[in-house]
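Here is a short note for a colleague opening this entry. Please keep the sequence and the model in view while reading the points.

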There are 2 protein chains.
Amino acid sequence: MRAPDVTSGGDPARTLALLWREPSTAARRGPQRGLNLDAVIEAATAVTDTEGLTGLTMRRVAQELRVSPMTLYTYVPGKAELLDVMLDAAYARMSRTDTTGQPWRVRLTAVAEENRALFTTHPWTATVSTLRPPLGPGAIAKYEHELTALDGLGLDDVEMDDCLTLLLSFVQANARVAADAHATARLTTVTDEQWWAAAGPLLARVLDPAAYPLASRVGSAAGAAHGSAHDPAHAYEFGLRRLLDGLATLIERATPAASGNS
Amino acid sequence: MRAPDVTSGGDPARTLALLWREPSTAARRGPQRGLNLDAVIEAATAVTDTEGLTGLTMRRVAQELRVSPMTLYTYVPGKAELLDVMLDAAYARMSRTDTTGQPWRVRLTAVAEENRALFTTHPWTATVSTLRPPLGPGAIAKYEHELTALDGLGLDDVEMDDCLTLLLSFVQANARVAADAHATARLTTVTDEQWWAAAGPLLARVLDPAAYPLASRVGSAAGAAHGSAHDPAHAYEFGLRRLLDGLATLIERATPAASGNS
DNA sequence: TCTATACGCTGTACAATGTACAGCGTACGA
DNA sequence: TCGTACGCTGTACATTGTACAGCGTATAGA
């Protein structure tokens, strides 16, 4: 199969059974199982945390569990489904701050921070597609928790989903850049700073500042402000502030009373 | 090399020479070249447009050009560099609307639309990392053009870059979802609607609405509103409006006079 | 004009990946 | 007690990027 960075092209029923740990119907015959799904998830997650998504191979996980590669297929239908359950497990383990009664900005900031923490702990979660999210207990609990931060603000159901989608999409896009930086550094041994340090002078030789005045001025100003050309931490602070300002006009129209609404 | 979806781990000098079409220094000896870089770029882009990033293989491009796979390496150092020049060429071909004198919201909306058009024409451009952008003529011209939309609004250089980064990051994140949907459909033959149609009832069986009241209510409301669980077009409209609202508080603080500043 | 050399192009080869398949042995239901 | 379902494994294959060496060509220098 190609490009299994996305939920199974396989049977949704099989995947859901896996996610919700539905016990197999028939009585077990044959040898005892030497492992269980959670052990596989744990090993795979450990590998991917330290070696990145490209380091996640069936052979590598099997080696970690001191088992032959094909053994994994008794616990999981394939690599795509393994990623599904890994992701749901990561969601399940996220910390969920209770911000009831606090102003909505505080509540949404907490949601953003919780996801940011996820992407920091497990950088690979930022780079997998969430087009077809793993519909397991972890993802559902996460969704429920995050929706409560948007509850009681006078938004209708669709708007609640819209706001949450926008917020999470921002945090993920931001984290993806950081994750890419990590992955690239691991694969090429040339760090981002080194790359820009090498490319900068070369670019200056071919780039005519008269032809591209704004690009050269703003580009070098931005490059000087943060160390590199892109500073994810700065972009996060800036973006989150703008985004909350943007949501404010929607939320405070829905609840004219309060910028400090609970 | 693994994961070459990102700019060359190779020599930045070589890549820049390629991007700016620097002529080789020495006099050419030996047979005439049967192709040129632009022909390779064109063929590779055509393949990737129709078959996705996973369809972009050196063998496939070579076949398109009626040439043996290894021949490509006379025109390009490797696949990563090929992607670089493909991306820069796509940037170079983007349409750039002149919106001088128009209100800033119109100008920024035009920038967003131009990028959206790029991601529609070449979906793969939405899924490659822009951590280390191809520093070629296309990318520079694009950057210069987009900065002019933010010029004269009273923002300092770093703020201009911040705003542009945020806007482009939003449009790309949105397009990436659509691109993923396309790619997934091509690889699995089960469309998004079919997948949700299969997963929905199965999920209803394991999901307790009492335990997750908001998730089930809002989830089904959102699912009903758009056809699927995620509607990129709707998310784009919603997100862009919020984002511009968010930038407004920054821009109109910088230029207190005008919400219709030129 | 002759010739050596740089260069375009190609076939072969290798390592890495996911996983299909068949065989071997085990422990439980009958 | 015995047959069978199932856990586990080794082998094998298709697909990828690309290193390497060989072959032939057209030009620079004689």
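How many residues does the contact take from chain A, and how many from chain B?

1. **The interface.** This is a predicted model. The contact takes 77 residues from chain A and 77 residues from chain B. Between them, the two chains bury about 7,000 Å². Carbon and sulfur atoms carry 70% of that buried area. On the chain A side, Leu131(A), Arg132(A) and Trp195(A) lose the most area to chain B. Together they make up 11% of what that side buries.

2. **H5 against H10 in chain A.** Helix H5 of chain A covers residues 104-121, and helix H10 of chain A covers residues 232-254. They pack at an angle of about 140 degrees, with their axes 11 Å apart. That angle makes H5(A) oblique to H10(A). The crossing of H5(A) and H10(A) is right-handed.

3. **Who meets whom in that pair.** From H5(A) come Trp104(A), Arg105(A), Leu108(A), Thr109(A), Ala112(A), Glu113(A) and Arg116(A). The H10(A) side includes Tyr236(A), Leu240(A), Leu244(A) and Asp245(A). By class, the contact of H5(A) with H10(A) has nine nonpolar, one polar and five charged residues.

4. **H2 against H4 in chain A.** Now look at helix H2 of chain A, residues 37-51. How do the two helices lie? The axes of H2(A) and H4(A) come within 10 Å and cross at roughly 85 degrees. H2(A) and H4(A) are therefore roughly perpendicular to each other. H2(A) brings Leu37(A), Val40(A), Ile41(A), Ala44(A), Thr45(A) and Thr48(A). These meet Leu82(A), Val85(A), Met86(A), Ala89(A) and Arg93(A) in H4(A). Sorted by class, the contact of H2(A) with H4(A) has eight nonpolar, two polar and one charged residues.

5. Two residues here deserve a look. Arg66(A) has a positive phi of about 55 degrees, although it is not a glycine. Is Arg66(A) buried or exposed? Arg66(A) is exposed, with a relative accessible area of 78%. Val67(A) has its place in the loop between H3 and H4 of chain A too. Val67(A) is partly exposed, at a relative accessible area of 25%. Leaving aside neighbours within four places in sequence, Val67(A) is in contact with Leu35(A) and Ala62(A). Val67(A) and Leu187(A) are 120 residues apart in sequence, and their C-alpha atoms are 27 Å apart in space.

6. **Arg21 of chain B.** Arg21(B) sits in the loop between helix H1 (12-19) and helix H2 (37-51) of chain B. Arg21(B) is not a glycine, yet its phi is positive, about 55 degrees. Its relative accessibility is 38%, so Arg21(B) counts as partly exposed.

7. **Gly52 of chain B.** Where does Gly52(B) lie? Gly52(B) is in the loop between H2 and helix H3 (58-64) of chain B. Gly52(B) is buried, because its relative accessible area is 6% and the cut-off for buried is under 20%. Not counting residues up to four places away in sequence, Gly52(B) touches Val47(B) and Arg186(B). Gly52(B) and Thr184(B) are 132 residues apart along the chain. Their C-alpha atoms are separated by 9.9 Å.

Note on methods. Residues numbered from 1 in each chain as written. Chains lettered and ligands numbered in written order. Predicted model: local features only at pLDDT ≥ 70, side-chain atom pairs only at ≥ 80, totals over all residues. Heavy atoms only, no water. Axes fitted to C-alpha atoms, helices over the stretch in contact; angles between N-to-C directions. Helix = DSSP H or I, 4+ residues; strand = E, 2+ residues; numbered from the N terminus. Parallel < 35°, antiparallel > 145°, perpendicular 65-115°, else oblique. Left-handed = near helix turned anticlockwise from the far one by under 90°. Contact = heavy atoms within 4.5 Å. Nonpolar A, V, L, I, M, F, W, Y, C, P; charged D, E, K, R; others polar. Buried < 20%, exposed > 50% of the residue type's maximum accessible area, 1.4 Å probe, protein only. Buried area = accessible area lost by both parts, 1.4 Å probe.
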